[in-house]
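Me: Please examine the model shown below and answer some questions on its packing and strand arrangement.

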Amino acid sequence: MPSTRPGSGLELSMVQLPGRMRRALGHFHKITGLTAVTSLVTPRTGSGQPPALSPPVHPRCARRLRSGRTAPCRQQWFIHVRASRRSPRVHSHTCPIGLRCSCVPLQFDGRLIGVAKLVVGSETSDRAFAAATSVLKLIVTGVCRDSLVSGLSEEVGALRQCVATFRQIQATGDPIAAGSDRPVAIPEPR
């Protein structure tokens with residue numbers, strides 16, 4: 001699995017991912033008329049621990065919770081995150097305040113880096129909710145895939161340039177580039 005080491009194409013793709021995701025969510029809104037939000041984290045290089053994901057706050061949830069209620073979805077959020085670490089499947093539920101929620105896991109380089117969340121009320125039919133969730137999954141997974149491909153392409157280009165430079169040095173007769181040790185004085189025969 002490639003690493004997101006400093007200066008790599010993958011690291012640059014990770015830095016650009018939030019902006020790409022915002023544009024994708026704008027397209028999602030234009031297509032469906034619905035709002036989705038994301039929560040993204042950058043995995044630490046060399047860290048064996050998965051990054052902690054904060055729940056994205058959807059505007060519908062925020063409006064309902066301004067009435068002073070405590071957040072009823074906290075337990076459900078932990079269930080979504082645990083399930084998302086095991087499977088790239090979409091996870092949906094209806095929360096205690098009557099909103100339906102779908103969480104789409106966001107994967108980059110084989111790791112869970114976030115969640116896209118869609119929330120609708122009772123005015124949205126089951127069929128429309130399922131269709132919107134499918135569109136959201138297509139859009140956000142496409143952004144993650146394209147970002148990964150972009151980063152890997154940059155790394156492959158850099159590796160090709162290194163190989164071309166090495167071959168050029170090798171062609172000029174540099175003994176180190178040719179794979180031999182430095183020339184050694186050969187003892188003259190007696």
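Reply: Two strands pair if DSSP finds at least two bridges between them; helices (H or I, at least four residues) and strands (E, at least two) are DSSP runs, numbered from the N terminus. This is a predicted model, in which local features need pLDDT of at least 70, side-chain atom pairs count only at pLDDT 80 or more, and totals for chains, interfaces and linings use all residues. Residues are numbered from 1 along each chain as its sequence is written, and side-chain values use heavy atoms, with hydrogens and water left out.

Me: Which residue in the turn between β2 and β3 has a positive phi?
Reply: β2 and β3 run antiparallel and are joined by four bridges. They form a hairpin with five residues between them. The turn residue with a positive phi, about 85°, is glycine 98.

Me: Which residue in β3 stands opposite histidine 91?
Reply: In β2 (residues 91-94), His91 and His93 point to one face and are buried (under 20% relative accessible area, with exposed over 50% and partly exposed in between; 1.4 Å probe, protein chains only). Opposite histidine 91 stands cysteine 103.

Me: Is glutamate 11 buried, partly exposed or exposed?
Reply: Glutamate 11 lies in helix α1. Its C-alpha is 9.7 Å from that of leucine 148, 137 residues away in sequence. Because its relative accessibility is 29%, glutamate 11 counts as partly exposed.
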